[in-house]
Amino acid sequence: MNRACAFLVLLGFCARLCGAEETPPAPLREFRGLWVATVNNVDWPSKSGLSTRDQQAEMVALLDRAVALHLNAIILQVRPDCDALYASLIEPWSEYLTGVMGRAPFPYYDPLEFAVREAHKRGLELHAWFNPYRVRSLDMKTPVSKDFVSRRHPGIVRHYGKYLWLDPTEEETRAYSLSVVVDVVRRYDIDGVHFDDYFYPYREKANDKEIEFPDGASWARYQASGGKLTRSDWRRDNINEFVQQVSLSIKAEKPWVKFGISPFGIWRPQHPTQIKGFDAFEGLFADSRKWWTSGWVDYLTPQLYWPVDSKEQNFAALLKWWAAENVHQRHLWPGMMISGWRTLTNGEAREVSREIIATRQQAGATGNVLWHAKPLLQNHAGVGDALAQTIYAQPALVPASPWLTNVAPPLPALIVKPNKNGLKLKWKAGGDYDPWQWVLEKKIGEHWVTEIYSGDVRDISFVVPEEALRPTAFALAAVDRCGNLSAWAFPNETPSARAANP
């Protein structure tokens with residue numbers, strides 16, 4: 001077929017498309033998060049002291065891998081040890097970046113700003129992961145910088161076991177860690193704030209006996225002031241107060257930024273009945289059920305690091321229990337182990353798939369977070385292939401958060417025209433609206449195919465394939481930061497026409 005004839009065929013094809021206003025099904029929604037740990041260079045950067053160029057190349061490779069696996073969120077550890085993987089006036093640069101605490105990357109760049117920009121460019125959410133109380137491992141051999149918390153605020157630092165910790169019961173501790181979180185929320189375009197399971201530290205032992213955490217001075221002051229709580233309840237109360245303060249402070253700065261916590265997966269043994277194991281309520285003084293039932297978090301990611309066949313720590317049974325406690329209908333995105341103390345084998349790759357399927361079958365659970373990035377980057381035991389080829393074969397939007405806002409974006413406009421190589425699709429937002437993402441649906445045969453683009457994309461071109469693979473309809477929707485979807489726009493339709501023919 002000569003070029004003139006081909007162009008006429010494309011014109012006829014476009015005419016048919018512009019008359020096809022078939023409404024697509026709702027796009028798939030599922031949170032597909034990935035923890036990226038920086039402490040001890042677990043995931044990124046691969047080692048301290050890398051050049052800026054190498055650090056950035058590793059981050060880009062990590063984000064590209066996440067996109068290839070159809071993940072949609074990165075949970076990046078930005079404060080592993082009262083330090084910063086970003087430009088902070090409160091805490092020093094992390095030694096996991098340059099090998100020296102307090103030394104900025106050279107040539108200079110801001111790793112968090114870079115990660116946020118590159119993640120958003122790829123349509124990925126970026127959640128900033130903080131450890132609120134851990135100060136430093138005593139095994140670290142490099143000197144601390146002059147602006148480290150142990151020098152600037154020694155009165156709130158405690159030596160416990162092999163670590164230094166902030167004392168959670170000190171009001172100055174809460175104010176200090178809260179200031180770190182709020183500073184990042186205010187200055188960076190992050191999508192979420194994330195805490196893991198470290199509140200009070202896991203119990204240390206000496207001579208086979210548990211060591212009491214050294215908060216005796218503040219406990220004595222509390223008793224002297226007339227406090228009536230038991231010591232365990234008092235510890236939990238201080239943690240609860242901090243969690244609530246963080247929740248309220250985030251929303252005061254940016255209401256669309258989600259707050260999530262990933263507690264130990266068992267709230268208390270016998271919840272549900274058959275469950276045995278560590279009691280985080282008493283061991284870490286973490287009342288995660290209270291945070292959940294009080295509506296202080298936008299999402300909860302209990303660390304369900306056990307297989308579906310386990311009897312005493314059963315993935316599905318624990319997930320069902322957490323779902324039943326979700327009285328505010330927030331997001332339940334359980335954390336899954338894809339490497340760690342379990343040997344990663346082909347059987348473990350199958351286990352990852354089983355746990356994601358179990359999550360999909362549980363009402364009220366709408367996604368997962370995977371621990372951690374390195375096995376996926378290296379495709380250990382084929383775990384990345386197992387996700388990409390079957391479980392995550394199609395892209396998905398992050399579930400909406402209607403309690404943050406439920407106002408739909410305005411209707412966009414979609415233009416489809418032939419060009420010399422095939423078709424060009426162009427679109428624009430309604431009014432002055434700046435969407436977070438775009439969802440483009442193409443109908444091929446009897447099926448709709450979803451494509452998700454970042455908000456800065458405004459056009460695509462593609463060669464029209466053979467007739468059997470040729471789209472018969474297009475539809476476009478805008479997505480906001482809270483996951484709300486606009487109405488569907490159809491090719492060459494004007495919003496005024498939609499208004500006249502609702």
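Which residues have the most contacts inside the largest nonpolar core?

## The cores

They are I74, L76, I190, V193 and F195, in a core of 101 residues. A nonpolar core here is a set of buried Ala, Val, Leu, Ile, Met, Phe, Trp, Tyr and Cys residues joined through side-chain atoms within 4.5 Å. Buried means under 20% relative accessible area, exposed means over 50%, and partly exposed is in between (1.4 Å probe, protein chains only). Helix α6 (residues 171–187) gives this core its largest share, seven residues. Helices (H or I, at least four residues) and strands (E, at least two) are DSSP runs, numbered from the N terminus. Apart from that core lies another, of 17 residues, with L411, W427, F474 and L476 among them.

A quick word on the model: it is predicted, so local features need pLDDT of at least 70 and side-chain atom pairs count only at pLDDT 80 or more, while totals for chains, interfaces and linings use all residues. Residues are numbered from 1 along each chain as its sequence is written, and side-chain values use heavy atoms, with hydrogens and water left out.

## Around L76 and H127

Let's zoom in on L76. Leaving aside neighbours within four places in sequence, L76 is in contact (heavy atoms within 4.5 Å) with residues including V36, W44, M59, L112 and H127.

H127 sits in strand β3 (residues 125–130) and is buried, at 0% relative accessible area. Not counting residues up to four places away in sequence, H127 touches F31, I74, I75, L76, D191, G192, K258 and Y299.

Two strands pair if DSSP finds at least two bridges between them. Strand β6 (residues 163–166) pairs with β4 (residues 134–137) in the antiparallel sense, over three bridges; R136 has L164 as its bridge partner in β6.

Strand β5 (residues 157–160) also runs antiparallel to β6, joined by four bridges, and here R158 stands opposite W165. β5 and β6 make a hairpin with two residues between them, and G161 in the turn has a positive phi of about 65°.

## Aromatic rings

How many aromatic pairs does a search of the whole structure find? It turns up 31. Rings of Phe, Tyr and Trp (its six-membered ring) pair if their centres lie within 6.5 Å; planes under 30 degrees apart count as stacked, over 60 as edge-to-face and the rest as tilted. W93 and Y108 are an edge-to-face pair, 6.1 Å centre to centre with 85° between the planes. W93 is in the loop between β2 (73–79) and α3 (95–98) and Y108 in the loop between α3 and α4 (111–121), so the pair ties together parts that are 15 residues apart in sequence. W93 counts as buried at 12% relative accessibility, but Y108 is exposed at 53%.

One aromatic cluster brings together Y163, W165, Y198, Y202, F264, F278 and W306. There are also charges over rings (NZ of Lys or CZ of Arg within 6 Å of the ring centre and within 35 degrees of the ring normal). K442 lies over the face of F462, 5.3 Å from the ring centre, and R481 lies over the face of W436 at 5.2 Å.

## Cysteines and A358

C82 is buried at 0% relative accessibility, and C482 is buried at 6%.

A358, in helix α12 (residues 346–361), is buried at 15%. A358 touches V308, F315 and L319, not counting residues up to four places away in sequence. A358 and K320 are 38 residues apart in sequence and 9.9 Å apart in space, C-alpha to C-alpha.
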